[in-house]
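Here are my notes for someone opening this one for the first time. Have the viewer ready and follow the points in order.

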Amino acid sequence: MAELIWTEPALSDLDAIADYIALENPEAARDLVQRVFQHVEQLAEYPQSGARPRELRGSRYRQIVEPPCRVFYRYDGERVFVLYVMRGEMRLRASQLGKRDRQTRKTSQRRVGQPQPASGSR
């Protein structure tokens, strides 16, 4: 079973998306956050189940989709690093993901089972 590690930037990404949705529909924002966490939890058992993003052919990164979000991660054989969460209609820049990955290697990660967003989207 793989260890799940949410990076701080990925949690911030999800929190920002939920905050935006909560402006119109707080319940939908809470539901989205729950669905994303549940989907990511499955990666502990099936870390290679995510698809390789078509924008990043041949890379080590994978993604899962929980509409309207795309969740990008890297699996190192033991741990799943959740690196980036974005809205599906946004364009992915490979440099964004690579930068996050490099930051993850330099800093310590917060190990989280199922964190709650820090803002008003609860």
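1. Let's start in a loop. Ala44 sits in the loop between helix 2 and strand 2. Bear in mind throughout that this is a predicted model. Is Ala44 buried or exposed? Its relative accessibility is 5%, so Ala44 counts as buried. Leaving out residues up to four places away in sequence, Ala44 touches Met1, Ala2 and Leu4.

2. Now zoom out. The protein has 3 helices and 4 strands, and along the sequence they come in the pattern β-α-α-β-β-β-α. Of its 122 residues, 45% are buried. If you look at contacts with a separation of 6 or more, 57% of them are between residues 24 or more positions apart.

3. Next, the strand 2 and strand 3 side. These two pair in the antiparallel sense over 6 bridges, and Gln63 stands opposite Phe72 in strand 3. A hairpin joins strand 2 to strand 3 through 2 residues.

4. On to strand 3 and strand 4. They run antiparallel and are joined by 7 bridges. Two places to check are Cys69, whose bridge partner in strand 4 is Arg87, and Arg70, which stands opposite Met86 in strand 4. Here too there is a hairpin, with 3 residues between the strands, and Gly77 in the turn has a positive phi of about 100 degrees.

5. How many of the 7 residues of strand 3 are buried? The count is 6, so strand 3 is largely enclosed by the rest of the structure. Arg74 is found in this strand, and at 8% relative accessibility Arg74 counts as buried, because the cut-off is under 20%. Not counting residues up to four places away in sequence, Arg74 touches Arg60, Tyr61, Arg79, Val80, Phe81, Leu83, Asp101 and Arg105. Gln48 is 26 residues from Arg74 in sequence, and their C-alpha atoms are 9.2 Å apart.

6. Helix 1 covers residues 8-22, and its 15 residues reach 21 Å from first C-alpha to last, close to the 21 Å expected.

7. Helix 2 has 16 residues, which should span 22 Å at 1.5 Å a residue; its end C-alpha atoms are 23 Å apart, which agrees. Which residues of helix 2 are buried? They are Ala29, Leu32, Val33, Val36, Phe37 and Val40. These cover an arc of only 125 degrees around the axis, which puts them on the same side of helix 2. As background, an α-helix has 3.6 residues a turn, so residues three or four places apart point the same way. The buried residues of helix 2 pack against strand 1, helix 1, strand 2, strand 3 and strand 4.

8. Last, the aromatic rings. The structure holds 2 aromatic pairs. One of them is Trp6 with Phe37, an edge-to-face pair at 5.0 Å centre to centre, with 70 degrees between the planes. This pair links distant parts of the chain: Trp6 is in strand 1, Phe37 is in helix 2, and the two are 31 residues apart. Are these two residues buried or exposed? Both Trp6 and Phe37 are buried.

Methods:
Residues numbered from 1 in each chain as written. Predicted model: local features only at pLDDT ≥ 70, side-chain atom pairs only at ≥ 80, totals over all residues. Heavy atoms only, no water. Expected span 1.5 Å × (residues − 1). Phe/Tyr/Trp six-rings, centres within 6.5 Å; stacked < 30°, edge-to-face > 60°. Buried < 20%, exposed > 50% of the residue type's maximum accessible area, 1.4 Å probe, protein only. Arc of directions from axis to C-beta. Contact = heavy atoms within 4.5 Å. Pairing = 2+ DSSP bridges.
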